[in-house]
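Please look at the sequence and the model shown here.

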Amino acid sequence: MGKKLKKEGEKITTSPEECEALRKAFSGPHGVEEKSMLEILVKCNPADLTTFRKNSPYIFLDDEYCFEKWDPFHMKSLEIKFLHFQRAVIQRTMHPWERDALLVRKSLEEKPPLYNLLIELACTRTSDEFLGARKAFQCLYSESVEEFVAVKVQGFQRRLLVALVSTYRYEGMQIDEAAIKLECQKLARAIKTDHRNEIENDDEVLRILTTRSKHHLKTIHKCYKEDYDSNLEEDLDDIQILRDTVNCLCAPPIYFSKILDTAMSICPAEQEMEALTRVIVTRTDVDMKDIAAEFDRKYGAPLIERIEAAALGNYRDFLVALVKRGMAN
Amino acid sequence: MATHSVTEDCEQLRKAFAGWGTNEGLIISILAHRSSAQIKLIRETYAKTYGEDLLKDLDKELSSDFERVVVLWALDPAERDAFLANEATKRWTSSNQVLVEITCTRTSQQLLLAKQAYHARFKRSLEEDVASHATGDFSKLLIPLVSIYRYEGDEVNMTLAKSEAKILHEKISEKAYNHEDVIRILSTRSKAQINATLNRYKNEFGNDINKDLKTDPKDEFLAILRATVKCLTRPEKYFEKVLRLAINKRGTDEGALTRVVTTRAEIDMKIIKEEYHKRNSVTLDHAIGKDTTGDYEKMLLALIGHGDA
């Protein structure tokens with residue numbers, strides 16, 4: 001621990017280790033380490049802060065006027081990092097209908113549009129939950145979700161997405177075995193024909209995916225695996241919206257663990273990062289146990305461990321607590 | 001106005017079934033003069049008191065057109081719509097028009113309740129059944145109509161009305177009646193917005209849209225499109241026409257007559273009767289009296305007078 005005299009009476013009181021800790025507190029992609037910041041910054045005197053700034057070239061830039069200027073890009077992204085905890089708190093507290101209505105709006109107002117988010121909302125919520133979101137949407141925006149999606153989405157995605165947000169699926173367990181067998185064959189045929197690139201507009205594929213109950217679809221998925229020795233979503237892999245639709249309807253934990261992994265990867269895009277908050281907050285009361293189990297199975301590390309490595313501060317603690325809570329239910 | 005005791009009603013109904021015959025007059029005098037809420041209570045009390053479903057007893061004791069009108073009337077409105085919609089998807093009784101009628105003349109909440117009743121009764125969604133049975137152009141229109149939870153506000157966007165009137169006119173001129181924009185506008189916009197758009201259409205292009213959709217009187221898809229427009233914008237005129245055709249038809253279309261009377265008795269029958277009188281110069285009562293007989297006639301007349309004191 002060195003003490004260097006800069007000016008008369010000004011001593012360096014922080015150690016290199018503390019500087020490093022402070023740097024880290026500012027530098028995670030997910031959140032900020034509030035406790036470290038508080039302790040160290042309170043301790044720092046002006047000389048310490050100058051040293052800190054001079055030794056953090058990724059945060060501060062040398063300016064021609066001889067002061068260490070905060071990189072504006074970093075400062076902007078820091079503002080966002082401080083918001084992670086706030087956003088998580090707001091999402092957790094908000095009525096699920098309002099929350100989902102806002103997310104629907106956002107999914108198509110972003111550029112580029114986030115079709116997977118829209119599919120996630122329409123397919124992983126129960127019929128009544130999503131209907132509630134549709135009512136909230138009308139209340140907030142004086143138009144229906146259906147109108148909004150029909151105008152915003154063009155091209156082949158329109159038919160699928162409008163149908164997904166419109167439908168009010170049967171949520172019970174009764175199924176029609178004969179219809180399942182037949183529809184499994186129809187899907188296989190559509191997938192394996194030469195006109196692969198028209199599958200998004202195939203009337204039968206759309207009908208099956210957008211009107212059948214979730215239990216019916218899960219049974220088709222099972223039947224497809226038995227008869228064709230392949231997973232339906234993998235065979236639809238080159239059409240992302242169809243793959244996401246099948247995953248969200250038949251096996252949400254697979255879809256959710258995948259986007260969690262992407263959110264916590266080395267350099268996620270801003271939209272991908274937000275999935276971390278959204279998935280943990282919205283699934284803690286639903287299927288967190290299954291998501292954590294799938295995550296562990298697929299990525300070889302417990303979900304909580306990954307979150308602890310990727311996130312900082314209050315945000316990290318909040319997420320971890322929500323996961324633990326969900327797993328205990 | 002006499003107050004009705006639910007227990008008394010149940011006893012009377014039970015008496016009406018007792019013995020060899022059935023006292024149809026008693027059944028009409030009770031059921032035709034109760035609201036759907038009151039009938040619901042009667043059914044619950046009847047089940048509790050006698051351990052049987054009133055509807056099953058009605059089904060056992062009554063027959064033919066009279067039975068159908070009584071049973072349909074005794075169903076809760078959501079169950080009734082679910083039953084009629086299901087019938088409309090079945091092969092031998094299929095009717096695209098009935099599906100359009102149910103999905104476009106009900107409020108969003110009424111249609112939602114019907115869909116919930118459909119789940120409960122048939123263990124499938126209405127969307128699935130319509131999608132499985134409708135084909136081609138019809139399914140492209142019917143499935144969205146069945147699904148969508150329309151916004152019910154009064155707000156109207158005049159710029160949008162102008163642009164969408166233009167789109168509709170364009171597609172209709174090109175005979176692209178099943179174009180996705182035509183379907184999108186009719187199936188997703190609020191009724192207020194559609195009204196504004198169609199008013200704009202008439203102002204801009206001279207004709208009512210239904211006139212322009214009449215180019216081929218034999219084309220069934222055009223007929224369904226016209227019905228959709230009418231149900232969304234002028235339901236009382238739509239129902240007047242259904243009644244008129246049902247009564248004037250050689251032999252009478254009891255199915256349509258029963259359906260309209262039982263589904264609208266508590267909603268807008270008064271307006272429909274006014275429309276009927278205007279268009280036909282005779283009252284609906286008179287027309288029904290001339291065209292039907294017996295207990296069926298009595299029940300219909302009691303129901304169309306339902307709202308009156």
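Chain A contains 19 helices and 4 strands; helices (H or I, at least four residues) and strands (E, at least two) are DSSP runs, numbered from the N terminus. This is a predicted model, in which local features need pLDDT of at least 70 and side-chain atom pairs count only at pLDDT 80 or more, while totals for chains, interfaces and linings use all residues. Residues are numbered from 1 along each chain as its sequence is written, chains are lettered from A and ligands numbered from 1 in the order in which they are written, and side-chain values use heavy atoms, with hydrogens and water left out.

Taken along the principal axes, the C-alpha atoms of chain A fill a box of roughly 90 × 40 × 40 Å. Of the 329 residues in chain A, 53% are buried (under 20% relative accessible area; exposed is over 50% and partly exposed lies in between, with a 1.4 Å probe and protein chains only). Contact means heavy atoms within 4.5 Å. Among the contacts in chain A with a separation of 6 or more, 67% join residues 24 or more positions apart.

Next comes the interior. In soluble globular proteins, nonpolar side chains tend to be buried together. A nonpolar core is here a set of buried Ala, Val, Leu, Ile, Met, Phe, Trp, Tyr and Cys residues joined through side-chain atoms within 4.5 Å. The largest such core has 93 residues, and those with the most contacts inside it are B:Ile27, B:Leu58, B:Val70 and B:Met299. Helix α15 (residues 220-233) of chain B gives the largest share of this core, 8 residues. Another core, of 76 residues, lies apart from it, and includes A:Phe148, A:Val149, A:Leu242 and A:Ala310.

Helix α9 (residues 126-133) of chain B is largely enclosed by the rest of the structure, because 6 of its 8 residues are buried. These are B:Leu126, B:Glu127, B:Glu128, B:Asp129, B:Val130 and B:Ala131. What do the buried residues of α9(B) pack against? They pack against α9 (156-166) and α11 (203-211) of chain A, together with α6, α7 (96-105), α8 and α10 of chain B. Helix α6 (residues 77-89) of chain B holds B:Asp81, which is buried, with a relative accessible area of 7%. Leaving out residues up to four places away in sequence, B:Asp81 touches B:Ile102, B:Arg106, B:Ala114 and B:Thr263.

The whole structure has 3 cavities of 30 Å³ or more. On a 1 Å grid over the protein atoms alone, a cavity is a set of points where a 1.4 Å probe fits but cannot get out, and lining residues have an atom within 4 Å of a point. The largest cavity holds about 100 Å³ of space. Its lining has 14 residues, and B:Thr103, B:Ser108, B:Leu111, B:Ile148 and B:Arg150 lie nearest its centre. The largest share of this lining, 4 residues, comes from α8(B). The second largest cavity has about 80 Å³ of space. Helix α7 (residues 127-141) of chain A supplies the largest share of its lining, 3 residues.

Key: On a 1 Å grid over the protein atoms alone, a cavity is a set of points where a 1.4 Å probe fits but cannot get out, and a pocket is an open set with protein on both sides within 12 Å along at least five of seven lines; lining residues have an atom within 4 Å of a point. Grid points are joined across faces, edges and corners, and a volume is the space filled by probe spheres set on the points.
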